[in-house]
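Have a look at the model before reading on.

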Amino acid sequence: MPTPPRDLEARTIAKVTSRLVPFLVTCYFVAYLDRVNVSFAALTMNRDIGLSATAYGSGAGIFFLAYFFFEVPSNLFLERVGARKWIARIMFSWGLISGATAFVQGEASFYVVRVLLGIAEAGFFPGIIFYLTLWFPAVYRARIIGSFMAAIPLSTVVGAPISGLLLGLDGWMGLKGWQWLFILEAVPALILSVVVFFYLTDRPSDAAWLDPEERGWLVARLQHEHAKRQAARHFTVADALVNPKVLALSFVYFGAVATNYGLSFFLPQIVKAFGVSNVQAGIITALPYAVGAVGMVWWGRHSDRTLERRFHVALPLFIASAGIAVSTMLDAAALKMLALSIAGFGIFACLPVFWTLPTAFLGGAAAAGGIALINSIGNLAGFAGPYAVGRIKDVTGSYGYGLLTLSAAGLIAMTIVLVLEHDHSLERVHDIGGEQPAESL
């Protein structure tokens, strides 16, 4: 097939990006906010319902145990029925359950609601990662995934001050501020679930909003990449689920997620100990995430331009680990936040580039299953990280040793990445659109 004009590639990718990415960022923003708003609610909720640091950390993290068991089936179901229907279902069910968190009464009900939330949301993130592989050639994926995953830090940058303000509704209509936080932040998910059903398109071949020439080029390019992966090695779903490289990547993601959730679920409480108000705590907490959002987008673009992946994952993991470790040695609030902001760059910059590693050699249903497995195992750190930090805090009276545990997890993940091989040739396509991404993005 002759190479199409570069303007056709640029025009097609730009149109797909503008159609899908801002909307998916909005959906993930809401998803992540509903997942971690418990960290802000904890500023007053823990006292109101009698949760210790260990009980809170267990409840915050038990979400991920449920997530683990339902992740792979959910993503395989999405691959079969289509993203439009399944993601709409996920958003509707998690919106209802997230809002129901406002009515927990103690440890038992807190655990139950967190488990149900994990079941409801299982498959959302890996489903979107898989969905993006259906629309974007490999050389665009780090930047596109980076733009999408920027919703993680942005949900805190925007959500932290909002959550701090919502806590100020304490007593309005007989409810606590943390109850209003859960109720009001659940509403966007319910609204977006309806929008998703009518707005998303399952595959490029169904995209009536692309011109026939654009649609034809995109379908051919993606089919060509899929054929190249299949020629290198054909993976079934079963192959992907037991493949040593997939399992190794799962442990890499475990380390990356540990640094993220272990910190994010306790950062508002760490900041609150500086002696600031709830609103001030929300604003200060947002700082590492603002740095992370910039790093995530910029680092993903840099990886795409160089088509280098392994060191673009390993270096941020080192920065994350070092920043967290250094923060434990500092008492001054400003210096501690500087160290954690540097860590924020590393925590978030590694994530979009990481997802180019499995999607380079997995395709089709194998990609859906492999991505879900990596995400489900990795997100077990969402349980282990908060539990470890909470337990160590109860035993020692300090967050320091817990944070050092997170730092060690990041260093182990970095080491595994450096040992793994990555076949860059699977991301290069010479005869359809060239091997370098169009610079218009």
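What follows covers the pockets and then the nonpolar core.

This is a predicted model, where local features need pLDDT of at least 70, side-chain atom pairs count only at pLDDT 80 or more, and totals for chains, interfaces and linings use all residues. Residues are numbered from 1 along each chain as its sequence is written, and side-chain values use heavy atoms, with hydrogens and water left out.

**Largest pocket**
- The largest pocket has a volume of about 370 Å³.
- A pocket here is an open set of points on a 1 Å grid over the protein atoms alone, where a 1.4 Å probe fits, with protein on both sides within 12 Å along at least five of seven lines; lining residues have an atom within 4 Å of a point.
- Volume is the space filled by probe spheres set on the points, which are joined across faces, edges and corners.
- Of its 19 lining residues, Thr133, Leu134, Arg203, Leu222 and His226 sit closest to the centre.
- Helix 6 (124-133), helix 10 (212-232) and helix 18 (364-378) each give two or more residues to this lining, and helix 10 gives the most, with six.
- Helices are DSSP runs (H or I, at least four residues), numbered from the N terminus.

**Nonpolar core**
- The largest nonpolar core has 136 residues, and Met45, Trp94, Phe124, Trp135 and Trp355 touch the most other members.
- Such a core joins buried Ala, Val, Leu, Ile, Met, Phe, Trp, Tyr and Cys residues through side-chain atoms within 4.5 Å, buried being under 20% relative accessible area with a 1.4 Å probe, protein chains only.
- Helix 1 (residues 6-36) brings the largest share of this core, 13 residues.

How values were computed:
Buried < 20%, exposed > 50% of the residue type's maximum accessible area, 1.4 Å probe, protein only.
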